[in-house]
Amino acid sequence: MFRKLVLIVLFSIFACATEVIDILDRKVDIKDNPKRVVLTFYFEEYFTATKDDGIDKIVGWSRKYWEGRRQASWDAFKEKFPQIDEIPDVGYGPKNTISFEKIISLKPDVVVFALNDYAKVKNNLANLEAANIPAVFIDFHDQKLSNHVKSMEILGEIFKTQDKVKKVVEFYKSKFEIVQNRLKNIPNFKKPKVYLEFSEKDGPSVFGGTWDDKMWGAFANIAGGENIAKGIVKGTTATINPELIIAKNPDVIIFAGNYFLNSYKNIPLGYGITKEQAKANLKAYATRPGWNSINAVKNGHIYALYHDLSRHIFDFTGVLFFAKALHPEIFSDIEPEEELKKFFDEFYPVKYSGTWMISY
């Protein structure tokens, strides 16, 4: 009789579990309808997959990923979900402060990690396994369309929202296809030279980092531009000599802006920011010493977009924005901001607000 009861219990455990293959091709068994979730990254993707239903499942997360670092986004979600202020902090992967003791104490049904943090957390995965806590890795950092799609599908499998995620993926892929199909059908099109820069907290007086073929550098490649920093930047991001920017004479300049708490010297963008604020600061960058000789400045081809429009499920907007900035004649009918609003209206739990992209 005892043996029969054990078999029944074991059968019920495995029958109520879903096998998920994560982005590292790891097979992970996760209980059906997980009610306790720890997130260490990709909150936007989680909420896209779960919408309003997801908030009550979160028992711990990496708070520093949002609060302070991405304050406008934090404020928007806090207005929608006031309870986020009470969710326990488990530490932050990029700062290597994740506490596995804290995670285990929260007894989650699943922990969602970013592939980008795998090297920092892999030695602690055995601790989670010993506590029967499954860990899943997803990825939006490598900017591979296949990884983005698979990562959303993984979230759909975990939270049983496959139908919702399927619609998200179809919408998402269709925007990349617009850019890819139009550019490949134009033989020998000219690639304009583009300079990219992160708008730092202290404003125009400080030159921010630029990218080679990562982050916004990848977008420049996809959208048919010639990145002037390609082959120059060492590592993921770095500043380059201001005199080199002038010498390279880019045709287009695109800044990545963000809202820093109580600071408006840079190009503030995102939730709650007005176009007037953002445009005034963008124009200040055009007055940098020597920049009046750059083609992009002389022709008014200076743009800025919200920094979080990269490496997230709504980064299709960044690609559309780049494509239109670099090839306005080819993408004249495309309105990136309207496409982003459609995404918010159909798939996202918070309302679209503020200013996410501007031109000079």
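Biologist: At what angle do H7 and H8 pack?
Modeller: About 165°, with their axes 8 Å apart. Axes are lines fitted to C-alpha atoms, for helices over the stretch in contact, and angles run from 0 to 180 degrees between N-to-C directions. This is a predicted model: local features need pLDDT of at least 70, side-chain atom pairs count only at pLDDT 80 or more, and totals for chains, interfaces and linings use all residues. Residues are numbered from 1 along each chain as its sequence is written, and side-chain values use heavy atoms, leaving out hydrogens and water.

Biologist: So are H7 and H8 roughly parallel or antiparallel?
Modeller: Roughly antiparallel. The cut-offs are under 35 degrees for roughly parallel, over 145 for roughly antiparallel, 65 to 115 for roughly perpendicular, and oblique for the rest. H7 crosses H8 in a right-handed way. Right-handed means the near helix is turned clockwise from the far one by less than a right angle; left-handed means anticlockwise.

Biologist: Which residues of H7 and H8 make the contact?
Modeller: From H7, they include Leu 145, Val 149 and Met 152. From H8, they include Val 165, Val 169 and Phe 176. Contact means heavy atoms within 4.5 Å.

Biologist: How many residues has H8?
Modeller: Helix H8 covers residues 162–184, which is 23 residues. H8 reaches 32 Å from its first C-alpha to its last, close to the 33 Å expected at 1.5 Å a residue. The expected span is 1.5 Å times one less than the number of residues. Helices (H or I, at least four residues) and strands (E, at least two) are DSSP runs, numbered from the N terminus.

Biologist: Which residues in H8 are buried?
Modeller: Among them are Val 165, Val 168, Phe 171, Tyr 172 and Leu 183. Buried is under 20% relative accessible area, exposed is over 50%, and partly exposed lies in between (1.4 Å probe, protein chains only). The cover over these buried residues includes helices H2, H7, H9, H13 and H14.

Biologist: And Glu 177, where is that?
Modeller: In helix H8. Glu 177 is partly exposed, at 38% relative accessible area.

Biologist: What about H8 and H13: how do they cross?
Modeller: Their axes come within 9 Å and cross at roughly 20°. That makes H8 roughly parallel to H13. The crossing of these two is left-handed. Phe 171, Tyr 172, Lys 175, Phe 176 and Val 179 in H8 meet Phe 316, Val 319, Leu 320 and Ala 323 in H13.

Biologist: New topic. What order do the strands of the open sheet have?
Modeller: The 5 strands run E9-E7-E11-E12-E13, with mixed pairing. E9 and E13 stand at the edges with a single partner strand each, so one side of each has no neighbour in the sheet. Two strands pair if DSSP finds at least two bridges between them. H13 lies across E7, E11, E12 and E13, at about 175° to E12.

Biologist: How many bridges join E11 to E12?
Modeller: 5, and those two strands run parallel. Ile 253 has Ile 302 in E12 as its bridge partner. E12 and E13 are antiparallel, joined by 3 bridges. There, Ala 304 stands opposite Ile 358.

Biologist: How many residues of E12 are buried?
Modeller: 5 of the 5, so strand E12 is largely enclosed by the rest of the structure.
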